[in-house]
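Try each task before you turn to its solution.

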Amino acid sequence: MVDAIIIGGGHNGLVCAAYLARAGKKVLVLERRERVGGAALTEEVFPGFRFSVFSYVGSLLRPEIVRELELARHGLQILPLESTLTPLPNGDYLAQWSDPDRNRRELARHSPRDAEAYDEFGRLMHEMARAVKPLLGMIPPDPASLAPRELLGLARLGRTLRSLGAEKFHALAKLLTMSSADYLDEWFECEALKATKAASGIIGTLAGPRSPGTAYVLLHHYMGEIDGVFRAWGFAKGGNGSVSEAIAGAARSFGAQIRTNAPVARVLVAGGRAKGVALESGEEIAAKLVVSGADPRCTFLGLVGEKHLPADFVQAIRRYRLRGSSGKVNLALAELPDFTCLPGKGPHLRGAISISPSIEYLERAYDEAKYGEFSRRPYLDVILPSMIDPSMAPPGRHVMSIFVQYAPYHLNGGWTDARREAFGDTVIDTLAEYAPNLKAAILHRQVITPADIERIVGLSEGNIFQGELSLEQMFFLRPAPAWANYRTPIRGLYQCGAGTHPGGGVMGASGRNAARAILREGG
Amino acid sequence: MLKTTPFHARVAPLCVSHAWRRWAGYLVASSYELSHEREYHAIRSSAALFDVSPLHKYRVHGRDAARLLDRVVTREVTRAAAGQVLYTPWCDGAGKVLDDGTIARLDEQTFRVTSAEPNLRWLQDNALGLEVAIEDVSESIAALSLQGPASHAILRQLGEVELKYYRVGSTTLGGVPVSVSRTGYTGDLGFEIWLDAAHALVVWDALIGAGEPYGITPAGMLALDLARIEAGLMLIDVDYVPANKALIGRQTSSPYELALGWTVNLDKDHFVGRNALAEEAKRGPQWQFVGLELDWDALERLYVEAGLAPRLPSAAWRSSVPVYAGGDQVGYATSGGWSPLLKKYIALAHLRSRWAAPGTVVEMEVTVEHRRRRAAARVVKRPFFDPERKRS
Ligand SMILES: Cc1cc2nc3c(=O)[nH]c(=O)nc-3n(C[C@H](O)[C@H](O)[C@H](O)COP(=O)(O)OP(=O)(O)OC[C@H]3O[C@@H](n4cnc5c(N)ncnc54)[C@H](O)[C@@H]3O)c2cc1C
């Protein structure tokens with residue numbers, strides 16, 4: 001009998017498997033698809049053109065995981081994304097460069113005040129990220145419990161917050177309650193700058209930049225820098241699939257076994273305890289404990305079944321919000337896009353290109369989604385992976401990744417093939433307004449809707465983070481009150497996916513925390 | 001006036017940072033761009049192109065060429081096959097290292113020696129009575145180093161290059177005859193290209209042209225320094241003092257003390273420093289040259305105590321930093337830096353043999369907010385990063 005079965009070979013499941021195997025456990029990972037990775041996956045979609053199909057940027061990955069699992073030895077390298085370009089409808093652009101002097105000069109073209117506020121804003125966010133960071137590696141304490149360990153955890157949390165000092169504590173309170181638009185209004189006047197920064201607060205959530213609570217997500221972007229990453233964003237060489245492959249390599253080197261094409265149908269429960277799993281093929285595999293890397297809805301309402309669970313827990317999981325709101329368009333290109341605002345092949349093509357000219361633009365895009373339509377002029381986050389890692393495309397050719405918001409899962413009339421293509425056309429039309437040669441350069445295109453994300457990766461409602469990153473679903477509330485510590489009401493059943501604290505993104509923190517929680521209990 | 005290398009007409013306009021440094025009396029780029037970050041990553045992810053022309057280069061030719069070199073260096077040169085390259089140190093009579101470099105056996109009677117310091121006189125003095133000609137070709141031969149996983153694919157666009165690790169051969173690149181060795185200073189898959197300085201620009205242009213679709217990136221010394229530390233490779237004048245520059249005996253090092261024991265062949269014919277080295281081999285060296293990996297949690301704690309997030313060096317440092325064990329100083333680190341690839345703070349250090357076994361925990365000095373503190377560090381095997389592609 002194996003010690004632990006991990007359901008799902010997403011990167012979090014693989015991280016959890018690697019840590020358990022490293023601690024000497026006999027571990028078996030069961031992945032339903034033909035390859036591991038989940039939403040962190042690279043595929044050669046068109047011959048010679050490789051895509052980081054779903055997630056595309058990757059520097060949130062916890063550095064301690066890179067160190068402890070020696071991921072560089074297993075092929076992981078995160079390359080810097082150097083800049084962000086926001087093309088504007090008037091033919092101008094706003095660029096954010098990594099060199100501070102160059103950045104200040106550029107911002108000053110738009111607003112001399114913002115140019116000076118920029119570094120100060122960065123410093124404060126950096127300081128707050130530092131204060132909040134210990135939470136990422138923490139197994140969330142339950143504030144309603146009187147158990148000594150939980151109280152100790154709460155005390156640590158309290159100490160962290162108290163040590164902030166008044167200025168930062170107030171800023172944190174604002175971040176936790178305000179909308180990103182309002183928060184940024186306190187700092188900046190340039191619309192394109194505010195919108196481009198605000199955009200990071202709406203990713204993965206069915207909310208607009210004016211929705212309260214979106215400000216907090218801005219903080220996540222400053223998290224990486226304080227661990228010696230130096231850049232907020234990066235691109236994994238070979239795409240995010242290489243993150244998963246490297247973790248899988250580490251897990252195997254510690255003796256974990258990974259089986260693909262092995263969809264789990266049910267968690268076997270007897271007497272309130274997990275005994276193993278049954279595969280869709282009918283095969284049953286016994287294990288001392290079972291860890292699910294699938295999202296909370298799949299895990300509890302699908303694989304475990306309501307009849308094994310307490311009613312209040314079932315209610316909480318039913319209420320857990322997973323409204324998918326994002327899509328993706330992946331393009332194979334014969335040549336580079338030529339942006340009217342900044343023609344030619346410059347360093348701007350090695351960074352992100354953000355279609356976010358103003359807060360109003362983003363909020364309008366959200367309005368349409370609120371009423372069940374995809375945005376007519378969506379927010380786009382574009383990168384050219386082949387400019388950062390030429391091995392993603394045949395020599396001289398290119399691949400483009402376009403992350404799109406909003407594309408609501410609950411589309412009026414539902415998603416069909418025709419609606420998918422119409423969505424793809426809208427995205428390309430939007431971008432082509434800024435880079436007119438784009439349409440002619442397209443060799444192939446892959447359009448992904450939230451319905452496709454659900455079908456392919458198994459993420460309920462296509463929510464990219466296994467549940468929205470909104471405040472009422474974070475920390476000790478993720479995925480349900482009293483069950484944020486990676487345990488579940490079923491003894492011997494644990495959770496390790498992005499549906500647990502600290503949440504979505506190719507971060508690996510959920511998988512690592514879950515393994516620590518399991519090992520702490522001697523599981 | 002500083003000299004410029006044969007590639008200057010190409011590298012000068014690329015050096016938008018204006019960050020130049022001196023190397024053996026030549027001007028070379030520290031980094032071309034404002035930050036060396038991308039140049040560093042190119043070494044590990046695509047291909048970086050370095051101008052390494054300032055290296056000292058000697059052509060050693062004649063019936064006794066192999067015998068001369070065998071007399072000078074610690075490795076056995078006479079047994080090297082044509083087409084083979086040896087990395088080796090050489091010592092003074094007391095068995096202390098003078099320099100380290102490569103010896104490429106181009107044919108039965110011809111060698112190319114590279115070194116960090118001038119060595120003409122040393123070679124001539126040891127050639128007494130031998131039939132051999134030593135020519136300083138430092139200026140007439142230009143050199144490039146193409147390093148990284150895409151380096152082979154790029155060269156193949158231009159000419160036939162199938163070389164095993166530490167082999168040398170001749171080919172043509174862009175119509176120019178060149179000598180190519182599968183060597184480098186990065187610990188990665190890579191090649192060094194040796195050519196007549198008169199053709200330097202043609203070869204540069206050919207490489208940039210062929211390499212563009214593969215992400216070829218001209219790179220400077222800051223990127224190289226970080227990569228060579230990851231590769232655990234030492235640098236003269238930084239990690240050790242050459243014996244002929246040392247002011248006191250304690251500044252000198254034997255090959256054993258630099259972890260180069262594997263290069264010392266005591267069974268071959270007599271060579272300079274042999275007797276002293278044989279003695280030392282019996283005694284065992286007093287010092288070892290090791291890799292150190294700082295403990296992240298310990299480092300972070302020191303900064304947290306000062307109310308700060310850890311500050312990491314963005315470029316490699318080259319200075320002497322004390323290393324302690326149980327309160328006593330047991331050695332010193334000589335270069336170090338943050339490896340963006342490994343997400344580790346690493347350093348190269350000289351430790352007293354007793355503390356040098358892999359796994360030993362020592363403490364390295366770190367200055368936090370103007371105060372000297374100590375952070376736990378573990379002795380680890382070098383190289384810190386050793387990809388299979390380097391040899392395969
Ligand atoms: C389009 C898109 C873009 C994104 N962009 C980014 C980005 O740029 N940067 C970033 O950091 N994050 C991004 N994300 C989010 C990030 O990819 C996810 O949060 C993260 O990959 C989640 O990892 P996970 O291991 O927790 O879960 P998943 O990746 O969802 O893994 C779950 C795994 O479980 C498997 N599984 C499910 N049910 C079963 C079963 N019954 N039996 C067996 N196996 C099962 C699935 O096949 C899957 O492999 C994006 C996500 C999407 C979808």
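**Exercise 1. Decide how H1(A) and H10(A) are oriented to each other, and which residues bring them together.**

Solution. Begin with the geometry of this predicted model: helix H1(A) packs against helix H10 of chain A, residues 241-253, at an angle of about 20°, and their axes are 8 Å apart. Angles under 35 degrees count as roughly parallel, and H1(A) and H10(A) are therefore roughly parallel to each other. The next step is the handedness, and here H1(A) passes H10(A) in a left-handed crossing. Turning to the residues, A:His11, A:Leu14, A:Val15, A:Ala18 and A:Ala21 of H1(A) meet A:Ser244, A:Ile247, A:Ala248 and A:Ala251 of H10(A). Sorted by class, this contact has seven nonpolar residues, two polar ones and no charged ones.

**Exercise 2. Determine whether A:Asn12 is buried or exposed, and find what it touches.**

Solution. First place the residue: A:Asn12 lies in helix H1 of chain A, which covers residues 11-22. Its relative accessible area is 5%, and buried means under 20%, so A:Asn12 is buried. When residues up to four places away in sequence are not counted, A:Asn12 touches A:Cys496, A:Gly497, A:Ala498, A:Gly508, A:Ala509, A:Ser510 and A:Gly511.

**Exercise 3. Describe the packing of H2(B) with H7(B), and then that of H8(A) with H13(A).**

Solution. In chain B, helix H2 (residues 37-45) and helix H7 (residues 221-230) pack at an angle of about 45°, with 8 Å between their axes. H2(B) and H7(B) are therefore oblique to each other, and their crossing is right-handed. On the side of H2(B) the contact is made by B:Glu39, B:Tyr40, B:Ile43 and B:Arg44, while H7(B) supplies B:Ala223, B:Leu224, B:Leu226, B:Ala227 and B:Glu230. By class, six of these residues are nonpolar, none is polar and three are charged.

In chain A, the axes of helix H8 (residues 191-199) and helix H13 (residues 359-370) come within 8 Å and cross at roughly 45°. It follows that H8(A) and H13(A) are oblique to each other. H8(A) takes part through A:Glu191, A:Lys194, A:Ala195, A:Ala198 and A:Ala199, and H13(A) through A:Ile359, A:Glu360 and A:Leu362. This contact has five nonpolar, no polar and three charged residues.

**Exercise 4. Find which residues of the largest nonpolar core touch the most other members, and follow the contacts of A:Tyr183.**

Solution. The largest nonpolar core has 108 residues, and those touching the most other members are A:Met125, A:Met128, A:Tyr183, A:Leu219, A:Met400, A:Ile402 and A:Leu431. Helix H4 of chain A, residues 112-136, gives this core its largest share, eleven residues. Leaving aside neighbours within four places in sequence, A:Tyr183 is in contact with several residues, among them A:Phe121, A:Leu124, A:Met125, A:Met128, A:Leu175 and A:Leu218.

**Exercise 5. Work out where A:Ile383 lies and whether it is buried or exposed.**

Solution. A:Ile383 belongs to strand S15 of chain A, residues 379-383. Its relative accessibility is 0%, so A:Ile383 counts as buried. Now compare sequence with space: A:Ile383 and A:Phe403 are 20 residues apart in sequence, and their C-alpha atoms are 8.7 Å apart. Beyond its neighbours within four places in sequence, A:Ile383 is in contact with residues including A:Tyr56, A:Val57, A:Phe235, A:Val399 and A:Met400.

Key
Residues are numbered from 1 along each chain as its sequence is written. Chains are lettered from A and ligands numbered from 1 in the order in which they are written. This is a predicted model: local features need pLDDT of at least 70, side-chain atom pairs count only at pLDDT 80 or more; totals for chains, interfaces and linings use all residues. Side-chain values use heavy atoms; hydrogens and water are left out. Axes are lines fitted to C-alpha atoms, for helices over the stretch in contact, and angles run from 0 to 180 degrees between N-to-C directions. Helices (H or I, at least four residues) and strands (E, at least two) are DSSP runs, numbered from the N terminus. Angles under 35 degrees count as roughly parallel, over 145 as roughly antiparallel, 65 to 115 as roughly perpendicular and the rest as oblique. A crossing is left-handed if the near helix is turned anticlockwise from the far one by less than a right angle, and right-handed if clockwise. Contact means heavy atoms within 4.5 Å. Ala, Val, Leu, Ile, Met, Phe, Trp, Tyr, Cys and Pro count as nonpolar, Asp, Glu, Lys and Arg as charged, and the others, Gly among them, as polar. A nonpolar core is a set of buried Ala, Val, Leu, Ile, Met, Phe, Trp, Tyr and Cys residues joined through side-chain atoms within 4.5 Å. Buried means under 20% relative accessible area, exposed over 50%, partly exposed in between (1.4 Å probe, protein chains only).
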